[in-house]
Amino acid sequence: MIRNLHEKLIKQEITSEKLTEEYFARIDEKDPEIQAYLSLNKEFALDKARAVDKKIKSGEEIDLLAGIPCAVKDNMCIEGLPVTAGSKVLENYTASYDATVVSKLKESDAVFLGKTNMDEFAMGSSTENSAFQTTKNPHDTVRVPGGSSGGSAASVAAEESVWALGSDTGGSIRQPASLCGVVGLKPTYGMVSRHGLIAMASSLDQIGPITSSVEDAAIVLSRIAGKDRFDSTTMETAEKKYEDFLGANIAGLKVGIPKEYFEGDGLDPRVRELIEKSVQKYKSLGAEIVDISLPNADFALATYYIIMPSEVSSNLARFDGIRFGQSVGAKSERTGADYTLWDIYFKTRAKYLGKEVKRRIMLGTYALSAGYYDQYYLKAQKVRALIKKEFEETYKKVDIILGPTSPTPAFRVGEKTENPLEMYLADIYTVTANIAGVPAISFPCGTIETDGKNLPVGLQLMGKWFDEETLLNAAYIFEQST
Amino acid sequence: MLSKDQVKKIANLARIEITDQESEKYSKELSDILGFVEKLNEADTDGFEPIAHITGAKNITREDKVLEYSDEAKENIIKNFPEKKDRFDKVKAVF
């Protein structure tokens with residue numbers, strides 16, 4: 001899709017201004033129902049679009065992303081624009097600098113339409129934890145789009161953006177991509193800078209693209225990846241245009257099928273059937289199917305629910321009503337009495353942080369507290385090492401690991417909000433890639449008819465560390481044969 | 001099972017004001033989640049050193065150099081202070 005629009009732009013069959021206006025018109029038409037966006041950025045976007053048109057007219061060479069309208073999840077900073085992370089505590093907060101991914105995209109002359117809805121601080125799998133609104137799934141608007149990057153995925157699926165940025169800590173790019181029938185890529189940990197991303201769990205967070213095709217994901221990845229002095233976890237990697245490496249024959253590609261992924265009773269049989277068909281398809285495309293076992297991957301979700309809240313409790317300590325964000329202020333509104341510093345901390349956090357956020361802060365605080373650290377946090381860090389080792393051994397035998405992205409298609413709004421643990425299980429297949437740090441992609445492999453609607457199902461592939469090339473190509477070959 | 005008193009202690013450490021009713025709810029919800037993560041005890045981690053993240057990178061350093069922010073960016077930071085006096089962030093007395 002991106003390349004196609006790019007060709008039209010450089011042949012001057014369309015202008016970026018016209019294209020951007022079309023997207024805003026579609027947002028005006030659809031977003032009152034879908035509610036993918038939290039804020040729009042019309043003036044700024046059209047200015048950029050006109051600047052790109054000028055470049056094209058004057059014969060300047062432009063990047064593939066230049067003049068193409070995109071959306072950014074509202075936990076990434078764009079200087080001068082609001083950034084809320086879906087939380088009341090950051091309502092009215094304005095970013096004072098650009099996230100590294102944003103400044104890179106600005107160099108590419110991408111057009112930012114606006115910021116998309118998300119679960120508060122990226123904590124959730126449905127956008128229902130957003131303090132502002134619940135995004136609806138464009139395929140069936142009584143259902144959730146998935147989360148936490150649900151606004152980004154829905155905007156792409158509803159053609160309210162050409163592509164969007166998401167962030168993924170336990171599945172927050174891939175699960176909504178799966179539920180919305182689009183492509184979502186979580187790059188290797190260390191591939192993309194998180195500077196300017198509002199941190200959730202720093203040892204797991206990764207930024208990546210949500211797009212309508214695998215090629216588009218490759219194009220975006222090539223432009224946001226790279227070492228950054230502002231994020232010490234980013235690694236020196238070869239600069240590569242991933243889109244130039246798509247289409248290679250996958251004959252002999254070793255695709256591992258972990259038996260554990262098909263054993264649990266949480267997997268919807270209709271999803272299982274589509275995944276099994278996809279395995280057959282890889283076989284017919286020449287891939288070698290290898291049965292594997294990942295016994296320790298079973299611990300991934302439990303490990304995640306120690307590591308993530310622990311890091312959350314530390315990262316979110318900054319929302320204390322002192323330096324930025326909402327605050328209860330110096331005095332009680334009700335009695336007029338002066339608050340102490342202590343009061344400001346306690347009351348600000350109680351008032352402006354949402355239920356799920358508080359739950360995770362409390363859980364993490366407990367896991368890190370004196371007397372429990374060894375039992376929970378230290379143990380989880382050891383299990384992480386165990387899972388990493390298991391993946392290292394597995395990748396000696398296979399190139400790719402295949403499985404479902406989500407155990408079910410999109411669920412109904414309100415269906416899982418009462419039971420946090422049940423909502424957590426939506427991430428069962430995706431968290432492992434974050435714990436192991438490997439790249440993973442979700443892309444459509446079929447639909448399930450429910451209530452007269454066709455609900456999309458995503459297939460997940462996990463690759464080797466920093467081998468996005470093989471991963472993207474394997475997804476591309478599958479996509480092209482459908 | 002986390003008691004209500006334990007929950008209150010945690011909330012105190014986390015600097016979150018909670019009501020008595022909330023502490024009861026948290027006690028149940030947090031106990032459920034802790035019950036789920038108990039599973040980790042089954043993992044045989046003998047001989048494994050804990051790792052904090054996956055890349056193995058450590059001690060990444062850079063030059064300790066001051067980079068000047070633009071005046072506009074500085075004003076944007078100041079604008080975000082909840083309480084201010086002139087160009088200072090106003091904070092309650094610590095003691």
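Residues are numbered from 1 along each chain as its sequence is written, and chains are lettered from A in the order in which they are written. Because the model is predicted, local features need pLDDT of at least 70 and side-chain atom pairs count only at pLDDT 80 or more, whereas totals for chains, interfaces and linings use all residues.

**Chain A as a whole**

- Chain A has 15 helices and 11 strands, where helices (H or I, at least four residues) and strands (E, at least two) are DSSP runs numbered from the N terminus.
- Taken along the principal axes, the C-alpha atoms of chain A fill a box of roughly 75 × 60 × 50 Å.
- Of the 482 residues in chain A, 59% are buried; a residue is buried if 20 or more other C-beta atoms lie within 10 Å of its own, exposed if 12 or fewer, and partly exposed in between, with C-beta atoms placed from the backbone.
- Among contacts in chain A between residues at least 6 apart in sequence, 76% join residues at least 24 apart, a contact being a pair of residues whose C-beta atoms, placed from the backbone, lie within 7 Å.

**Core of chain A**

- The largest nonpolar core has 165 residues, of which A:Cys70, A:Ile400, A:Ile441, A:Leu461 and A:Ala475 touch the most other members; such a core is a set of buried Ala, Val, Leu, Ile, Met, Phe, Trp, Tyr and Cys residues joined through C-beta atoms within 7 Å.
- Helix H9 of chain A gives the most to this core, with nine residues.
- Leaving aside neighbours within four places in sequence, A:Cys70 is in contact with residues that include A:Val111, A:Phe112, A:Val162 and A:Trp163.

**Chain B as a whole**

- Chain B comprises three helices and two strands, which follow the pattern α-α-α-β-β along the sequence.
- Chain B is more spread out than a compact globule, because its radius of gyration is 23 Å, well over the 12 Å that the globule rule gives for 95 residues.
- The C-alpha trace of chain B spans about 55 × 45 × 25 Å along its principal axes, and buried residues make up 17% of its 95 residues.

**Interface between the chains**

- On the chain A side 57 residues are in contact with 43 residues of chain B, and helices H9 (300-315), H10 (341-352), H11 (355-368), H12 (374-397) and H13 (420-424) of chain A each supply at least two residues to that side.
- The largest share of this side of chain A, 10 residues, comes from H12(A).
- By class, the side of chain A that touches chain B has 29 nonpolar, 17 polar and 11 charged residues, with Ala, Val, Leu, Ile, Met, Phe, Trp, Tyr, Cys and Pro counted as nonpolar, Asp, Glu, Lys and Arg as charged, and the others, Gly among them, as polar.
- H11(A) and helix H2 (residues 20-37) of chain B pack at an angle of about 60° with their axes 11 Å apart; axes are lines fitted to C-alpha atoms, for helices over the stretch in contact, and angles run from 0 to 180 degrees between N-to-C directions.
- The H11(A)–H2(B) contact is made by A:Arg359, A:Met362, A:Leu363 and A:Tyr366 with B:Tyr26, B:Glu29, B:Leu30 and B:Ile33, a set with six nonpolar, no polar and two charged residues.
- A:Lys358, placed in H11 of chain A, counts as buried with 20 C-beta neighbours inside 10 Å, and its contacts beyond four places in sequence are A:Leu353 and B:Ile16.

**Local backbone features of chain A**

- Helix H5 (residues 150-157) of chain A is mostly covered, eight of its eight residues being buried, and H5(A) is followed by A:Glu159, whose phi is positive, near 55°.
- The peptide bond from A:Gly147 to A:Ser148 is cis, with omega near 10°, and A:Ser148 lies in the loop between strand S3 (111-116) and H5 of chain A.
- A:Gln12, which is not a glycine, has a positive phi of about 60° and is exposed, with 10 other C-beta atoms within 10 Å.
- A:Ala85, also not a glycine, has a positive phi of about 55° but counts as buried, with 31 C-beta neighbours inside 10 Å.

Key:
Contact = placed C-beta atoms within 7 Å. Rg over C-alpha atoms; globule rule 2.2 N^0.38 Å.
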